[in-house]
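Here's a quick briefing to read with the model open in your viewer. Let's walk through it topic by topic.

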Amino acid sequence: MKDLEHPLLAPFAADFSLVEEAAGKGIIEYFHLIEIFDYRATSYLGNIAWDTFETAYNLKWDELWPVDIEARLKKSSLSEHEEVFLQLTYGAPILKISTSSFIAHWDEILYQSVEGFPLATADGKLFLEWLNNPKSIYSNFLI
């Protein structure tokens with residue numbers, strides 16, 4: 001996969017695998033989330049309709065040091081899950097990666113994604129949308 005050949009992702013590209021059962025779908029479609037088609041019309045510039053979740057959090061990631069973000073992710077309920085599904089960019093195939101590898105390499109993944117990326121736990125209980133502009137993380141769990 002071309003995205004995984006990027007110099008930032010290449011050192012841990014073997015940690016990723018394709019989610020075969022989700023072929024042709026993105027995180028939003030696969031988990032039947034409500035999508036915002038004109039993200040510029042939202043106050044958060046995302047693609048997931050966070051107002052449809054019972055609980056949603058927002059973290060301004062550019063106000064924190066990368067090590068602080070990593071520590072928060074390690075302490076969050078996300079770390080209780082063995083693996084996560086993510087798309088390196090919207091429209092890309094869904095990939096699977098261990099949660100520990102994601103937490104260790106979130107900044108490289110964000111850099112490669114350019115615009116941001118959606119993420120979900122494999123069981124579809126936790127969701128996250130990491131946005132590059134604005135510098136925000138939306139999730140249904142506390143980070």
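**Start at Thr 99**

Thr 99 counts as buried, because its relative accessibility is 2%, and the cut-off for buried is under 20%. Keep in mind that this is a predicted model.

**Thr 99 and its surroundings**

- You'll find Thr 99 in helix H3, which covers residues 99–113.
- Skip the neighbours within four places in sequence, and Thr 99 is in contact with Leu 78, Ser 79, His 81, Glu 82, Glu 83 and Val 84.

**Aromatic pairs**

- Searching the whole structure turns up 12 aromatic pairs.
- Take Phe 102 and Phe 117: their ring centres sit 6.0 Å apart with the planes at 80°, so this pair is edge-to-face.
- Phe 102 belongs to helix H3 and Phe 117 to strand S5 (residues 116–121), so the pair ties together parts that are 15 residues apart in sequence.
- Phe 102 and Phe 117 are both buried.
- Trp 106 and Trp 130 also form an aromatic pair, and this one is stacked, at 4.9 Å centre to centre with 20° between the planes.
- That pair links distant parts of the chain, with Trp 106 in helix H3 and Trp 130 in strand S6 (residues 127–131), 24 residues apart.
- Buried or exposed? Trp 106 and Trp 130 are both buried.
- There's a cluster to look at as well: ring pairs link Tyr 30, Phe 31, Trp 50, Phe 53, Phe 85, Phe 127 and Tyr 138.

**Nonpolar cores**

- In soluble globular proteins, nonpolar side chains tend to be buried together.
- The largest nonpolar core here has 28 residues, and the ones touching the most other members are Phe 16, Leu 73, Phe 102, Ile 109 and Trp 130.
- Which elements supply at least two residues each to this core? They are helix H2 (66–75), strand S3 (83–86), strand S4 (95–98), H3, S5 and S6.
- H3 gives the most to this core, with 5 residues.
- Leave out the neighbours within four places in sequence, and Phe 16 is in contact with Leu 4, Leu 86, Leu 88, Leu 95, Lys 96, Ile 97 and Ile 109.
- A second, separate core has 15 residues, among them Ala 22, Ile 27, Phe 85 and Tyr 138.

- Of the 5 residues of S6, 5 are buried, so the strand is largely enclosed by the rest of the structure.
- S6 is covered on both faces: Phe 127, Glu 129 and Leu 131 are buried on one side, and Leu 128 and Trp 130 are buried on the other.
- On the S5 side, S5 and S6 run antiparallel and are joined by 5 bridges.
- Check Leu 119 here, as it stands opposite Leu 128 in S6.
- S5 and S6 make a hairpin with 5 residues between the strands, and Gly 124 in this hairpin takes a positive phi near 70°.
- How many bridges pair S6 with strand S7 (residues 136–139)? There are 4, in the antiparallel sense.
- Leu 128 also stands opposite Ser 139 in S7.
- S6 and S7 form a hairpin too, with 4 residues between them.

Conventions:
Residues are numbered from 1 along each chain as its sequence is written. Side-chain values use heavy atoms; hydrogens and water are left out. Buried means under 20% relative accessible area, exposed over 50%, partly exposed in between (1.4 Å probe, protein chains only). Contact means heavy atoms within 4.5 Å. Rings of Phe, Tyr and Trp (its six-membered ring) pair if their centres lie within 6.5 Å; planes under 30 degrees apart count as stacked, over 60 as edge-to-face and the rest as tilted. A nonpolar core is a set of buried Ala, Val, Leu, Ile, Met, Phe, Trp, Tyr and Cys residues joined through side-chain atoms within 4.5 Å. Two strands pair if DSSP finds at least two bridges between them.
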